[in-house]
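Hi everyone, thanks for coming.

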Amino acid sequence: MTRIAAVSGVVAPHRHTQREITDMVARTCLPKGSDRRILDRLHAGARVDTRHMALPLDDYAELRDFGAANDAFIAGATSLGAEAVAEALDAAAVSPRDVDLLLFTSVTGIAAPSVDARLVGPLGLRPDVKRLPVFGLGCVAGAAGIARLHDYLVGHPDDVAVLLSVELCTLTFQPDDGSPANLVATALFGDGGAAVVACGARRPAAAGPAVVDTRSHLYPDTQQVMGWDISASGFRVVLDATVPDVVRKNLADDVDSFLADHGLERQDISAWVCHPGGPKVLEAVEESLALPEGALDVTWASLASVGNLSSSSVLHVLRDTLTRRRPPAGTPGLLLAMGPGFCSELVLLRW
């Protein structure tokens, strides 16, 4: 059975309060002289206290084309990625030379050679390490990445696999775009990364949770709910107000069916590791699953302290669950995230 040996979480170097970021967005994303009351209301209601950003605040006004933003992404993702993987390998007591697969995911920038390729030498990984760069999964990729590590390790039980996620969401903020979707994105998203070290069943037993099973679900006729429109100025966010409705309509049945296949019910889950999509999405998750009070406290705390880090966020929540509120040994847990498609990914864990 796949074991998660370690989880690391890192954040971008520039930390700011929500008010400081709101003022920056007003300067860079709203036309001069426009009414900023909607922006202020959206940012105040996001339940985010502080966020970390790849660049100093004043530099965002200078990002006027996709090339400049993407150059900043490559530099920032390479630096944060190296930090996250090194930290996770150290925590797992795994040598870089023992890594057999490196899966890299991001949806906030592109690179060829990919970021994972740029890290092999600096991290001391073997030249024959298998690499898998993944783009397009968005917020769901943290959960889907663990699922794909598990798929690989089931077939390679002697191996070690590493998932790396780096998301520099603030580099996608669009100047002079006062659309509701862009303003909501600027209210929620921050910059950070995370890494997971997982070991196959025939490796020496790791102390972390076991991956029991995974499940993916793609919902029909929801392609315009979330994603990117690619323009000359870069990634323009697609974020429809119906996201919470899609969650309410689909999530409970998916979770119940998945758990039933393992003889489990919702009340058997000792910890819910949920991606912090935003207040309305989290409220929809709580309501649709009828979760007990406090079940998503770790997720809400992550949203407040670093915002939504896209695919990295659920991995930060997993790290925090393991380090701050570790569930009783042997009990089941459920890790879940949703993203463009629209889709969900469920990972059944045993602590």
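This is a predicted model: local features need pLDDT of at least 70, side-chain atom pairs count only at pLDDT 80 or more; totals for chains, interfaces and linings use all residues.

**A walk through the fold**

Strand β11 and strand β12, which covers residues 332-339, run parallel and are joined by four bridges. Now look at the two sides of β11. Ala271 and Val273 are buried on one side, and Trp272 and Cys274 are buried on the other, so to speak a strand with both faces covered.

Next, helix α9. The buried ones are Val298, Thr299, Trp300, Ser302, Leu303, Ala304 and Val306. What covers them? The cover includes β1, β3, α6, β11, α8 and α10, so our strand β11 shows up here again. Just after the helix comes glycine 307, with a positive phi of about 80 degrees.

Glycine 307 brings us to serine 313. This serine lies in helix α10 and is buried, at 0% relative accessible area. Setting aside neighbours within four places in sequence, serine 313 is in contact with His275, Pro276, Gly307 and Asn308. Serine 313 and cysteine 274 are 39 residues apart in sequence, while their C-alpha atoms are 8.8 Å apart in space.

Now for a residue that carries a label. In an unreviewed UniProt entry, the annotation "active site" covers Cys139. Where does cysteine 139 sit? You'll find cysteine 139 in the loop between β5 and α5. Its relative accessibility is 7%, so cysteine 139 counts as buried. Leaving out residues up to four places away in sequence, cysteine 139 touches Phe189, His275, Asn308, Ser310, Ser311, Ala337, Met338 and Pro340. Two of those names, His275 and Asn308, were also among the contacts of serine 313.

While we're on cysteines, how many disulfides does the structure hold? The number is zero. Cysteine 169 is in no disulfide, and its nearest cysteine sulfur, in cysteine 139, is 7.2 Å away. Cysteine 169 is buried too, at 4% relative accessibility. For cysteine 343, the closest cysteine sulfur is also that of cysteine 139, but at 9.8 Å, which is too far for a bond. Cysteine 343 has a relative accessible area of 10%, so it is buried.

Let's turn to the nonpolar parts. In soluble globular proteins, nonpolar side chains tend to be buried together. Here, the largest nonpolar core has 47 residues, and Met24, Tyr60, Leu164, Leu171 and Val197 touch the most other members. Elements giving two or more residues to this core are β1, α1, α3, β4, α4, β6 and β7. The biggest giver is α3, with 10 residues. Apart from this core lies another, of 38 residues, with Tyr219, Val246, Ala252 and Leu336 among them.

Last topic: charges. Side chains of opposite charge can pair when their charged atoms come close. A search of the whole structure finds 17 salt bridges. In one of them, arginine 131 meets aspartate 116, at 2.7 Å from N to O. Arginine 131 is in strand β5 and aspartate 116 in helix α4, so this pair ties together parts 15 residues apart in sequence. Arginine 131 is partly exposed, at 40% relative accessibility, whereas aspartate 116 is buried, at 0%.

Aspartate 320 is buried, at 5% relative accessibility, and arginine 324 is exposed, at 60% relative accessible area. Finally, salt bridges that share partners join Arg19, Asp23, Arg36 and Asp40 into one network.

Definitions and conventions: Residues are numbered from 1 along each chain as its sequence is written. Side-chain values use heavy atoms; hydrogens and water are left out. Buried means under 20% relative accessible area, exposed over 50%, partly exposed in between (1.4 Å probe, protein chains only). Contact means heavy atoms within 4.5 Å. Two strands pair if DSSP finds at least two bridges between them. UniProt positions are given in the numbering used here, feature names are shortened, and annotations may be inferred rather than shown by experiment. A nonpolar core is a set of buried Ala, Val, Leu, Ile, Met, Phe, Trp, Tyr and Cys residues joined through side-chain atoms within 4.5 Å. A disulfide is a pair of cysteine sulfur atoms within 2.5 Å. A salt bridge is a side-chain nitrogen of Lys or Arg within 4 Å of a carboxyl oxygen of Asp or Glu.
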